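Dear colleague,

Please find the structure below, followed by a short account of what was found in it.

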Amino acid sequence: MLEATDLMVFYENMLALNNISISCRDNQIVGVFGANSAGKSTLMYSLSGIMLDIRKKEKMAGGERITLTGQLTFQGKDIMDMKPSDRARAGIVLCPERRRLFKESSVMENLRIGGYLATKAQARESLDYVMTLFPALQKMTKRLAGFLSGGEQQMVAIGRALMAQPKILLLDEPLMGLSPLMQATLIRAVKKIQEQSDISIIVSEQYARPVFPIVDYAYILENGAAVMEGTREELMDNPDVKSAYFGMS
Amino acid sequence: MEILVYGTINSVSLALMGLGFAMVYGISRVPNFAHGALYIICGFVTWTILQKLGLPYVVAIFLSLAVNGILGILMYRFILIRVRGMNISEIISSYAIGLAILEGLRYGGFRGMTYTLPVFMEGMVFIGGVPVDYHRIIMVIVGILLVGGLWLFTHYTRLGLALQGMAQDERAALMLGIDSDFMAMLAMGFGAVLAGVAATMILPLGNIVVESGYHVLIMSIAVCIVGGLGSWIGAFFAAFIIGFAQILTVVFIGSHFQMVVALLAIILTLILKPSGLFGQQKELEDRV
């Protein structure tokens, strides 16, 4: 469904992504794990096209020169130069790191802004779905998004992304800074999204442990390169992975 | 009572002037220094359509609003789009456009006292013993309807919500498929139309002179700074504060101090609460 080949991203001369090839098949959950600055967010931005916007803004401000090379195809079409808004329209929706909610708008408004691309019927249907997926949101539709707790904000962020009718959902560190209980709730929700729809999901996270049980396939990034990849079972059995990402020896 | 009535009228006219500026800045972060020029050009276009083409007043108004909207969109599409995100360049280029329009009009012979627009309705009523003409009442009603309409628009329509989202976090909006350049262009068009609405409401009360373009620009900047840049609700409230302050100054001090009030308000706001009434601290750095 989404396939990146030899993706490279430079910030000036710093290599942020080094020859990464990843792919996500229909209705699969793909995990991307790695420490801070391993290139997870850069990868997510490149896949969703936000990197093109960042590049444009940096260029205008005379800041860092960003170079992107490689191939990127989505449903068989080359999307390397597609604008981020068009990619979202095509079905690649990013739920960004640190959530980036519209803090001064209510929860309901956040969700409805998310439904910008949806038709009225789609929006209604997705809204119902989000509310059944995250029943906790039902009681707080009128509250300002900025005043919610981290977990609630993340629910809104995922809900907002779902409103945009994604075919593939990119979740960038959805569990960051949340309690283990909240992490479990969100991970269950992500699994449900996969089971109850035909959406594919790529989820990046620093710690593999909470996400690992639901991924079908995973990549491990180090310094911008994919150092290991495999199905869940393959990686589980790998002693290096165990020690580095699960704290087991 | 006089203070109350004329304060309200003055405030609403300030709000009308400032709304377009506040809206454009709030959504696209472009300080549109050509706002005053758009205001004046709408007046002259209306005048031209009315006097030279002889079309009915209502048609002339709507035509010139449309012209203004298109002008705003063109301005964004061909000039401002290249500099968006670079604050200084935005200011310089939009101010240059404004200057070019205003001075071009002056050069083109649009000066003197001969340009006036008719009021919508002749006559006056007494409100609490204060004489008020119908046109000013219409202006207040239109102003309040406009603010109400804008509120409904930004909270209940798909496009309005998208604009609201973009105003808060452009990149997050982009991730949801909201094309920021297209939205900024629309915002510019809206802003230009709002400047036009202000012009059609306010200009019939006096002569159309090029100088008032600068006046409108200063007033809208004052209103927006006091209200908090980027918050059009803030601009609306700030218009009332400055509007009443101006009328109080006229009544108790003298009418030639009226203009000082707005400038003083800018300075005081920047000293006491730089983010304005409804602005946020984070916007401090992109203050003009």
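**Nonpolar cores**

In this predicted model, the largest nonpolar core has 144 residues, and those with the most contacts inside it are Phe134(A), Ile201(A), Tyr39(B) and Ile242(B). A nonpolar core is a set of buried Ala, Val, Leu, Ile, Met, Phe, Trp, Tyr and Cys residues joined through side-chain atoms within 4.5 Å; buried means under 20% relative accessible area (1.4 Å probe, protein chains only). Helix 1 (residues 2-28) of chain B supplies the largest share of this core, 14 residues. A second, separate core of 38 residues includes Ile20(A), Ile22(A), Ala38(A) and Leu68(A).

**The sheet of chain A**

Six strands of chain A form an open sheet in the order 6-7-8-3-9-10, with mixed pairing. Strands (E, at least two residues) are DSSP runs, as are helices (H or I, at least four), numbered from the N terminus; two strands pair if DSSP finds at least two bridges between them. Strand 6 (92-95) and strand 10 of chain A are at the edges with a single partner strand each, so one side of each has no neighbour in the sheet.

Strand 3 (residues 29-34) and strand 8 (residues 200-205) of chain A run parallel, joined by five bridges, and Phe33(A) stands opposite Glu205(A). Strand 9 (residues 217-222) and strand 10 (residues 225-231) of chain A pair in the antiparallel sense over six bridges.

**Conventions**

Residues are numbered from 1 along each chain as its sequence is written, and chains are lettered from A and ligands numbered from 1 in the order in which they are written. Local features need pLDDT of at least 70, side-chain atom pairs count only at pLDDT 80 or more, and totals for chains, interfaces and linings use all residues, while side-chain values use heavy atoms, with hydrogens and water left out.

Terms used
Buried means under 20% relative accessible area, exposed over 50%, partly exposed in between (1.4 Å probe, protein chains only).
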